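Subject: Structure handover

Hello,

Here is the structure I promised to pass on to you.

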Amino acid sequence: MIDIEFVRSRFIKHFDGKTGNVYTSPGRINLIGEHTDYNGGFVFPGAVDKGITAEMRVNGTEDTVMAYAIDLKDRVDFKLSDPAGPKASWARYIYGIAKEFQKLGVPVKGFNIAFAGDVPLGAGMSSSAAMESCFACGLNDLFGENKVSQWDIVLAGQATEHNYCGVNCGIMDQFASVFGKAGCLMRLDCRSREFEYFPFKPDGYRLVLLNSKVKHELAGSPYNDRRNSCENVVKAIQAKHPEGKFETLRDCTWEQLDEVRAEVGEEDYTRAHFVLGEKDRVLAVCDALLAGDYETVGQKMFETHYGLSKEYEVSCEELDYLNDLAKENGVTGSRIMGGGFGGCTINLVRADLYQKFIADAKQKFAAKYGHEPEVIDVVIGDGSRKLC
Ligand code: GLA
């Protein structure tokens, strides 16, 4: 986690010398259940021990926000009443959360904010959700008497992505960042929003991320395209079955998907095919975890990678290569993590194979792509909180 004193020293330097309150929110991993959240399915995330830390203080103005991104050394001031909002992409998360809080009736006025992070950007570890939930945690404390519920914070984060950042994401990332608990993964049913904590301490195994450093970028079309494909299939199924209620792919069966295959076309069909399979895989992984059967967990992870790469088409050459290296090294399970288009693989590896796998992956990946993958050992940490 980022050192509080580091953030504080920058906050003091860039504003009027006064200190504020400090808040932190984590990024996340996801064991399995990818692109299922906006399809009403299940996800299996956990918060990590890396995230975003912000110092914030009410500045006494009606609606001027003075914001400093410490890592980028970038300062942006803007007014909450400006309908366009700031241009800098990082500042749009602050603007978006503040606007969404105002919609909830929280009387947000001017404030100062400086923040820094240690969750890698564009690595599929949800640095953006970490920002949203961190800023929301701060605004809830400064202006909302901490009355905004955790779920409303999650939804304000998601609405920020939809309304101000151009990503039609689901709720997994913001959920994990807000509700995370040290040592636990969480199985969330994204339709009912019910969830359970699963203590995760796989005896004899390690969970490690390999960051390809191919920057994943969800803003723009490819992520939203996938979502549109899923929605097209649901619409086609609904039209064929007017008696039923089909809101997301969660409500659809394999048979119904097959019925609309010709009509929706191969691309949408294949994408939806992945989603139905992924829904079943999350449930199979839960059963396997409860039985302590990590080999089955791993096998499902490999199946997910195949689906994300060949059916959902959100992989890239580097991630497929990292997956091949995992297989070659006898790793139990490996797959792309998060939205895709770059970022990390998540690997479940037997402790006795760990060193050899990491050394081999570094050496071979560097020989092919000119740089080593970044190795991130997963520590499952707590969700959003006020630090001081
Ligand atoms: C991104 C989105 C999430 C989810 C994942 C894929 O991280 O923000 O809502 O859809 O991709 O599982």
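Proline 199 sits in strand β8, which covers residues 195-199; helices (H or I, at least four residues) and strands (E, at least two) are DSSP runs, numbered from the N terminus. With a relative accessible area of 68%, proline 199 is exposed. Here, buried means under 20% relative accessible area, exposed over 50%, and partly exposed in between (1.4 Å probe, protein chains only). Leaving aside neighbours within four places in sequence, proline 199 is in contact with Gly183 and Cys184, where contact means heavy atoms within 4.5 Å. From proline 199 to tyrosine 164 there are 35 residues in sequence and 35 Å in space, C-alpha to C-alpha.

Please keep in mind that this is a predicted model, in which local features need pLDDT of at least 70, side-chain atom pairs count only at pLDDT 80 or more, and totals for chains, interfaces and linings use all residues. Residues are numbered from 1 along each chain as its sequence is written, and side-chain values use heavy atoms, with hydrogens and water left out.

Now to the cores. A nonpolar core is a set of buried Ala, Val, Leu, Ile, Met, Phe, Trp, Tyr and Cys residues joined through side-chain atoms within 4.5 Å. The largest one holds 78 residues, and Leu31, Ile94, Phe101 and Phe135 have the most contacts inside it. Apart from it lies another core of 42 residues, including Tyr223, Val234, Tyr312 and Leu325. As for leucine 31, its contacts, not counting residues up to four places away in sequence, include Phe44, Leu185, Phe200, Leu207, Val285 and Leu289. Val297, Met301, Arg335 and Ile346 are also touched by leucine 31.

Next, the helices. Helix α6 (residues 221-240) has 20 residues, which at 1.5 Å a residue should span 28 Å; its end C-alpha atoms are 28 Å apart, so the two agree. The expected span is 1.5 Å times one less than the number of residues. Helix α9 agrees as well: its 25 residues should span 36 Å, and its end C-alpha atoms are 36 Å apart. After α9 comes glycine 292, with a positive phi near 70 degrees.

Which residues of α6 are buried? They are Tyr223, Asn224, Arg226, Arg227, Ser229, Cys230, Val233, Val234, Ala236 and Ile237. Their cover includes α4 (150-165), α7 (254-259), α8 (261-264) and α9 (266-290). In α7 you will find glutamine 256, which counts as buried because its relative accessibility is 13%. Beyond its neighbours within four places in sequence, glutamine 256 is in contact with Ile237, His241, Phe246 and Asp251.

Helix α5 is largely enclosed by the rest of the structure, because eight of its eight residues are buried. Those residues are Met172, Asp173, Gln174, Phe175, Ala176, Ser177, Val178 and Phe179. Valine 154, in helix α4, is buried at 0% relative accessibility. Not counting residues up to four places away in sequence, valine 154 touches Ile171, Gln174, Phe175, Val178 and Phe179.

Of its 45 lining residues, Tyr93, Gly122, Ser127, Ser128 and Met131 are the closest to its centre. On a 1 Å grid over the protein atoms alone, a pocket is an open set of points where a 1.4 Å probe fits, with protein on both sides within 12 Å along at least five of seven lines, and lining residues have an atom within 4 Å of a point. At least two lining residues each come from α2 (89-103), β6 (111-117), α3 (127-143), α4 and α5 (172-179), and α2 gives the largest share, four residues. The lining divides into 22 nonpolar, 13 polar and 10 charged residues; Ala, Val, Leu, Ile, Met, Phe, Trp, Tyr, Cys and Pro count as nonpolar, Asp, Glu, Lys and Arg as charged, and the others, Gly among them, as polar.

Finally, two loop residues. Histidine 35 has a positive phi of about 60 degrees although it is not a glycine. Histidine 35 is in the loop between β1 (21-30) and β2 (42-43) and is buried, with a relative accessible area of 5%. Lysine 213, in the loop between β9 (205-211) and α6, has a positive phi near 65 degrees. Lysine 213 is partly exposed, at 48% relative accessible area.

Best wishes
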